[in-house]
Amino acid sequence: AEVALDTRLATFARRRALAPALDVRLAAGASGGSVPLTRLLSVDGVLGEGGLAFNRFGVLRTRTGVPYEGDRYAAAFWEHSFRSIPFEITGLDVLAKRGYTVILHGAHARTWLDADRATDLSSFGYALSPSDGWHHEVGVSVSGILGVLRVDLTQRLDAPGTVLGFG
């Protein structure tokens with residue numbers, strides 16, 4: 001069973017056509033009984049290696065390569081879009097007029113894997129990758145580059161890791 005809750009909350013300057021907003025996704029899942037490899041639950045990371053990645057909302061932006069896997073997981077993803085207000089305040093009107101947006105984002109996630117299930121799966125030669133605790137990260141983004149591109153700089157908080165992402 002899996003459940004996800006997505007919401008958007010206008011935060012301030014609500015009279016603007018595109019008001020600053022906070023987007024939040026809370027997700028969790030659990031499985032019971034014998035679960036084949038193809039039915040393990042996961043928290044996805046980004047596509048990329050070596051500090052460069054292609055990303056989207058609802059993934060761990062500093063987790064490259066394989067996702068975290070397990071028979072249970074919990075995750076929270078958030079991003080606050082300030083729209084063009086930071087550029088307007090700092091006098092960078094040319095960037096504000098081009099529609100550039102500043103976004104702060106973060107994620108927190110963890111997977112768990114029953115020890116008996118891990119033993120059963122590893123006997124088939126499958127290398128599992130459950131998280132070894134909570135994964136925490138925060139970052140800043142600029143979107144609207146060439147009208148559609150987004151550049152993210154994300155720092156992992158609980159372990160070393162910085163990723164420059166594109167979306």
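**Reading a model by its cut-offs**

Biologist: Why does Ser-34 count as exposed?

Modeller: Ser-34 has a relative accessibility of 75%. Exposed means over 50%, buried means under 20%, and partly exposed is in between (1.4 Å probe, protein chains only). The value 75% is over 50%, so Ser-34 is exposed. Ser-34 sits in the loop between β2 and β3. Its C-alpha is 27 Å from that of Leu-5, and the two are 29 residues apart in sequence.

Biologist: What kind of model is this?

Modeller: This is a predicted model, in which local features need pLDDT of at least 70 and side-chain atom pairs count only at pLDDT 80 or more, while totals for chains, interfaces and linings use all residues. Residues are numbered from 1 along each chain as its sequence is written, and side-chain values use heavy atoms, with hydrogens and water left out.

Biologist: How many helices and strands does the protein chain have?

Modeller: The protein chain has 3 helices and 11 strands. Both are DSSP runs, numbered from the N terminus: helices are H or I with at least four residues, strands are E with at least two. From the N terminus the order is β-β-β-β-β-β-β-α-α-β-α-β-β-β. The C-alpha trace spans about 60 × 30 × 25 Å along its principal axes. Of the 167 residues, 38% count as buried.

Biologist: Why is Ser-84 called buried?

Modeller: Its relative accessible area is 11%. That is under the 20% limit, so Ser-84 is buried. Ser-84 lies in the loop between β7 (72–81) and α1 (85–89). Not counting residues up to four places away in sequence, Ser-84 touches Arg-16, Ala-96 and Tyr-100. A contact means heavy atoms within 4.5 Å.

Biologist: What makes Thr-101 count as buried?

Modeller: Thr-101 has a relative accessibility of 11%. This value is also under 20%, so the word is buried. Thr-101 is found in strand β8. Again leaving out residues up to four places away, Thr-101 touches Ser-81, Arg-83, Phe-87, Ser-141, Val-142 and Ser-143.

Biologist: Which residues make up the largest nonpolar core?

Modeller: There are 10: Ala-27, Leu-41, Val-43, Leu-60, Tyr-68, Tyr-73, Ala-75, Phe-77, Ala-107 and Ala-109. At least two come from each of β3 (41–43), β7 and β8 (101–112). β7 gives the most, with 3 residues.

Biologist: What makes such a set a nonpolar core?

Modeller: Its members are buried Ala, Val, Leu, Ile, Met, Phe, Trp, Tyr or Cys residues, joined through side-chain atoms within 4.5 Å. In soluble globular proteins, nonpolar side chains tend to be buried together. Leu-60 is one of the core residues. Beyond its neighbours within four places in sequence, the contacts of Leu-60 include Val-43, Tyr-68, Phe-77, Ala-107 and Ala-109.

Biologist: How many aromatic pairs does a search of the whole structure find?

Modeller: The search finds 2. One joins Phe-12 and Phe-82, with 6.2 Å centre to centre and 45° between the planes.

Biologist: What makes the pair of Trp-112 and Trp-134 edge-to-face?

Modeller: Their ring centres are 6.0 Å apart and their planes stand at 85°. The angle is over 60, so the pair is edge-to-face. Trp-112 lies in strand β8 and Trp-134 in the loop between α3 (115–122) and β9 (135–145), so parts 22 residues apart in sequence are tied together. Trp-112 has a relative accessible area of 27%, which makes it partly exposed. Trp-134, at 37%, is partly exposed as well.

Biologist: What is the phi of Ala-13?

Modeller: It is near 50°, a positive value in a residue other than glycine. Most residues other than glycine have a negative phi. Ala-13 lies in the loop between β1 and β2. At 33% relative accessibility, Ala-13 counts as partly exposed. Arg-83 has a positive phi as well, near 55°. Arg-83 lies in the loop between β7 and α1.

Conventions:
Rings of Phe, Tyr and Trp (its six-membered ring) pair if their centres lie within 6.5 Å; planes under 30 degrees apart count as stacked, over 60 as edge-to-face and the rest as tilted.
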